[in-house]
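Dear colleague,

I am passing on a structure that you have not worked with before, and my notes follow it. Please read them with the model open beside you.

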Amino acid sequence: MRPDMTMSGLILQFGTSRFLQAHADLFLHEAREAGQDVPNVVVVQTSGDASRAGRLAAFADKEGYPVIIRGLEDGQPVDRTVKVKSVERGLSTARDWPEVVALFVDRTEFVLSNTGDAGYDMDMSERAKGFGVETPLASFPAKLAQLLHARFRAGGRPLTILPCELVNRNGPVLKGLVRTFAIEAGAAQDFIDWLDTNIVFANTLVDRIVSEALEPVGAVAEPYALWAIEDQPGLTLPCRHPAIVVAEDIEPFERLKLHILNLGHTVLADIWLSEGRPKDETVRAILSDPSVRSRIEAIYRDEVVPGFAAKGMEQEAQAYVETTLARYLNPYLEHRLSDIAGNHALKIERRLAAFLDWCGRPAPTLQAIIAKTQRTL
């Protein structure tokens, strides 16, 4: 249950990704359509990429933006378009920083973030610049520390932060970065105490294949969707939705998604990169090659499922592998491997190497991919 909202309450979303457009923003729209009192979303671009100015402007269209859901649901084809109207407008930290600060301090009730695979990277030298909000710091955690400090100084209303980055235990990790930054930047102890007692950094897991962006804004996605959120004292949510699951422990959801769906994507991207395959090849197309299909199935059968079995999750892993292969072969999506291959080395570390560290079992094929990547760095 969420607290009562004022009419001026907002959800401030850091990241303009097509993923959030077809995931959290869509859920918020559907919850509002179902009669729930859901605050508007203001999307904030953190990268400063001028090429996305058109996307930011398009968020202000009162007619909303399209999300096309395509795939199979209960064995039946689905092809429907939703006009998402939960987003009010878009801002940029590079262009609109004073307004971002004002909204964060005065009107924000929830924070969403999806800042990319490298979104939590920090240069700790930023701490020397302190907490002034005259200009935004470079990294997202440092910007968030600036904004939280400004909110604290203005009275410090509680806040729930819902990070959606594909980082294991994203909430605690983000809190740790913000907290460490604050301490090393010389923040007063009362600010650190306020962070610990008034700011909820939720631990979340997002799961949906969003295969392509629409211009200037919008996305194409599969029917399957999950937003798992770990319960904790003080947690509040901006809406209720069938795809939102609040669980006592979301680690099983995280492990299945990261080390089966995302791991498989990264293995396929590695094959695509290593073998000089067609530039615009999709996941579905690469799996139509029998040799590739047999290789990914062997990795799941001989290395991934046994690793989950070592952790008492064999049945769950086997079922998720079957679901994942069906999602990969969705005949209605064009999920390009060139999109998946971005930040490849970091993804290998988080999806493959982290899996082997977790399960503690040998996995020769995965180990060879890891070793090859380390040699090229």
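**Aromatic rings**

Phe-152, Phe-191 and Trp-194 are linked by ring pairs into a cluster, where rings of Phe, Tyr and Trp (its six-membered ring) pair if their centres lie within 6.5 Å, and planes under 30 degrees apart count as stacked, over 60 as edge-to-face and the rest as tilted. Please keep in mind that this is a predicted model, in which local features need pLDDT of at least 70 and side-chain atom pairs count only at pLDDT 80 or more, while totals for chains, interfaces and linings use all residues. Residues are numbered from 1 along each chain as its sequence is written, and side-chain values use heavy atoms, with hydrogens and water left out.

The structure holds 9 aromatic pairs. One of them joins Phe-14 and Phe-140, whose ring centres are 5.5 Å apart and whose planes stand at 45°, so this pair is tilted. Phe-14 belongs to strand 1 (residues 10–14) and Phe-140 to helix 5 (residues 140–153), so the pair ties together parts that lie 126 residues apart in sequence; helices (H or I, at least four residues) and strands (E, at least two) are DSSP runs, numbered from the N terminus. Phe-14 counts as buried at 1% relative accessibility, and Phe-140 counts as buried at 5%, given that buried means under 20% relative accessible area, exposed over 50% and partly exposed in between (1.4 Å probe, protein chains only).

A further aromatic pair, formed by Phe-308 and Trp-358, is edge-to-face, with 5.2 Å from centre to centre and 65° between the planes. Since Phe-308 lies in helix 10 (residues 290–309) and Trp-358 in helix 13 (residues 344–359), this pair ties together parts that are 50 residues apart in sequence. Both Phe-308 and Trp-358 are buried.

There is also a ring with a charge: the charged end of Arg-151 sits over the ring of Phe-104, 6.0 Å from its centre, where such a placement requires NZ of Lys or CZ of Arg to be within 6 Å of the ring centre and within 35 degrees of the ring normal.

**Helix packing**

Helix 5 packs against helix 6 at an angle of about 65°, with the axes 9 Å apart; axes are lines fitted to C-alpha atoms, for helices over the stretch in contact, and angles run from 0 to 180 degrees between N-to-C directions. That makes helix 5 roughly perpendicular to helix 6, as angles under 35 degrees count as roughly parallel, over 145 as roughly antiparallel, 65 to 115 as roughly perpendicular and the rest as oblique. In this packing, Phe-140, Pro-141, Ala-142, Leu-144, Ala-145 and Leu-148 in helix 5 meet Leu-174, Leu-177, Val-178 and Phe-181 in helix 6, contact meaning heavy atoms within 4.5 Å.

For helix 10 and helix 11 (residues 314–328), the axes come within 8 Å and cross at roughly 150°. Among the residues that make this contact are Tyr-300 and Phe-308 of helix 10, together with Val-321 and Tyr-328 of helix 11.

Helix 2 (residues 24–33) has 7 of its 10 residues buried, so this helix is largely enclosed by the rest of the structure. The buried residues in helix 2 include Leu-26, Phe-27 and His-29. Gly-35, with a positive phi near 105°, follows helix 2.

**Backbone details**

Most residues other than glycine have a negative phi, and most peptide bonds are trans. The peptide bond from Glu-215 to Pro-216, however, is cis, with omega near 0°, and Pro-216 is placed in the loop between strand 10 (210–213) and strand 11 (219–221).

Asp-74, which is not a glycine, has a positive phi of about 55°. Asp-74 is found in the loop between strand 3 (65–73) and strand 4 (76–84), and at 79% relative accessibility it counts as exposed. Arg-169 likewise has a positive phi, near 55°, and is placed in the loop between strand 7 (159–163) and helix 6 (170–184); at 35% relative accessibility, Arg-169 counts as partly exposed.

**A buried lysine**

Lys-257, in helix 8 (residues 251–274), counts as buried at 5% relative accessibility. Leaving aside neighbours within four places in sequence, the residues in contact with Lys-257 include Leu-166, Asp-207, Asn-262 and Tyr-320. Lys-257 and Tyr-320 are 63 residues apart in sequence and 8.3 Å apart in space, C-alpha to C-alpha.

With kind regards
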